[in-house]
Amino acid sequence: MQEVYGVAAFRSRQQVLLLEAALRREGIPSRIVSTPREVSMGCGLSVRFRLEDTSAVIRALRFVNTGNLIGLYRVEYGGSGRPSLSAIPIR
């Protein structure tokens with residue numbers, strides 16, 4: 001079974017918590033997860049979100065002004081091996 005979702009990776013755990021709280025206030029489903037290994041730098045935690053909520057996540061990022069963002073990534077995981085990551089452009 002293939003899973004496809006987005007993650008927002010940060011250099012700071014505090015920023016992860018700020019974004020997750022902002023998304024929760026807006027009613028956007030999200031959760032804190034371990035950062036995929038392929039995103040080699042960072043604090044080790046990321047915010048996972050549904051890809052269809054990407055625009056709302058970007059708006060929340062701008063609102064909370066998270067300066068420690070590494071990036072947004074599309075994660076595709078087929079259930080075995082490592083997930084495939086691709087950057088999501090922030091417009």
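These legends walk through a few close-up views of a predicted model.

**View 1. The largest nonpolar core.** Let's start inside the protein, where 16 residues make up the largest nonpolar core. Which of them touch the most other members? That would be A8, F10, L19, L23, V47, V57 and L72. Two or more residues come from each of β1 (3–10), α1 (13–25), β3 (45–49) and α2 (54–64). The biggest contributor is α2, with 5 residues.

**View 2. A closer look at V57.** Now zoom in on V57, one of the residues with the most contacts to other core members. If you skip residues up to four places away in sequence, V57 touches L19, L23, F49 and L72.

**View 3. E20 in helix α1.** Next up is E20, which you'll find in helix α1. Is E20 buried or exposed? It counts as buried because its relative accessible area is 13%, and the cut-off for buried is under 20%. Leaving out residues up to four places away in sequence, E20 touches S30, I32 and V47. V47 has already turned up in View 1, as one of the residues touching the most other members of the largest core.

**View 4. R48 and the ring of Y5.** Here the charged end of R48 sits over the ring of Y5. How far is that charged end from the ring's centre? The distance is 3.6 Å. As for aromatic pairs, a search of the whole structure turns up 0.

How values were computed. Residues are numbered from 1 along each chain as its sequence is written. This is a predicted model: local features need pLDDT of at least 70, side-chain atom pairs count only at pLDDT 80 or more; totals for chains, interfaces and linings use all residues. Side-chain values use heavy atoms; hydrogens and water are left out. Rings of Phe, Tyr and Trp (its six-membered ring) pair if their centres lie within 6.5 Å; planes under 30 degrees apart count as stacked, over 60 as edge-to-face and the rest as tilted. A charge sits over a ring if NZ of Lys or CZ of Arg is within 6 Å of the ring centre and within 35 degrees of the ring normal. A nonpolar core is a set of buried Ala, Val, Leu, Ile, Met, Phe, Trp, Tyr and Cys residues joined through side-chain atoms within 4.5 Å. Buried means under 20% relative accessible area, exposed over 50%, partly exposed in between (1.4 Å probe, protein chains only). Helices (H or I, at least four residues) and strands (E, at least two) are DSSP runs, numbered from the N terminus. Contact means heavy atoms within 4.5 Å.
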